[in-house]
Amino acid sequence: MREQDTVSDTVWAKWILDAIRKIRSQKQRPSSERICHAIRSLHAYSDEDVITHLEQLVVAGSVLKVFNKGQVTYKDPGGVQARQLVINKDTDLCKIIVRATRELCEKEGSSLKNIEKYIQQSHALELASSDIDFSTICKLSAKRAVSKGLLTLDGKLYKVFEQEKSFDKPKIVKTSKTLASGNSTCHSNKSTVEHESEDGAVKATPSIKSNRTSKSLQTP
């Protein structure tokens, strides 16, 4: 019988949480690689075995999986200062759902179930009354986020909407001059249009429009 078969899930949880705390005490991020290295230094298990049990603890809620700027780290839920979140019937969770979706950073998008679970793990939830359904509040807020253009929905998966960069349009700078001469007044509107040629050079083409009005002399 392999030694691994004799180790209970409770022991695995203790090993992994101890590894996470040790890595954090060294001012480092508890990534899967560092957790595997910490456990291998004490126990004879492969990285595959460690990661399998690590993901099982994430599913069970015993370990918090955090996505930040494309990096994945793991935290001890008991050691995380959860943000307080009071839920009322009219609570709008749009911003929290968008942030959770961004931090989950799932390539194909995040399901509403995963978003709910992430919010529950990263916040200390408090329902204002017993008849409030947190799942319903999340569902309505997610729909509102989609209607506002903050999220996109592809099937059952939500993704953060990334606005495409628009190309810069030619800039038009207008100047106005007033010329006075005798009994006539000349208004000149001058505009400069910047164009970019094929070789990348910027050329300015002036365009002048003038309106000339004459004053007539009236005798009493």
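In this predicted model, the axes of α4 and helix α6 (residues 134-147) come within 8 Å and cross at roughly 80 degrees, the axes being lines fitted to C-alpha atoms over the stretch in contact, with angles running from 0 to 180 degrees between N-to-C directions. The two helices, α4 and α6, are therefore roughly perpendicular to each other, a term that covers 65 to 115 degrees. Local features need pLDDT of at least 70 and side-chain atom pairs count only at pLDDT 80 or more, whereas totals for chains, interfaces and linings use all residues. Residues are numbered from 1 along each chain as its sequence is written, and side-chain values use heavy atoms, with hydrogens and water left out.

- On the α4 side the contact (heavy atoms within 4.5 Å) is made by Cys94, Ile97 and Val98, and on the α6 side by Cys138, Ser141, Ala142, Arg144 and Ala145.
- By class, the residues of this contact of α4 with α6 comprise six nonpolar, one polar and one charged.

**Cavity**

- One cavity of 30 Å³ or more is found in a search of the whole structure, a cavity being a set of points on a 1 Å grid over the protein atoms alone where a 1.4 Å probe fits but cannot get out.
- The largest cavity holds about 30 Å³ of space, where volume is the space filled by probe spheres set on the points, which are joined across faces, edges and corners.
- Its lining (residues with an atom within 4 Å of a point) consists of Arg83, Ile96, Arg99, Ala100, Glu103, Tyr118, Ile119, Ser122 and His123.
- Two or more lining residues come from each of α4 (94-104) and α5 (112-122), and the largest share, four residues, comes from α4.
- The lining of the largest cavity divides into four nonpolar, two polar and three charged residues.

Note on methods: 1 Å grid on protein atoms, 1.4 Å probe; cavity = no way out; pocket = protein on both sides within 12 Å on 5 of 7 lines; lining within 4 Å. Nonpolar A, V, L, I, M, F, W, Y, C, P; charged D, E, K, R; others polar. Parallel < 35°, antiparallel > 145°, perpendicular 65-115°, else oblique.
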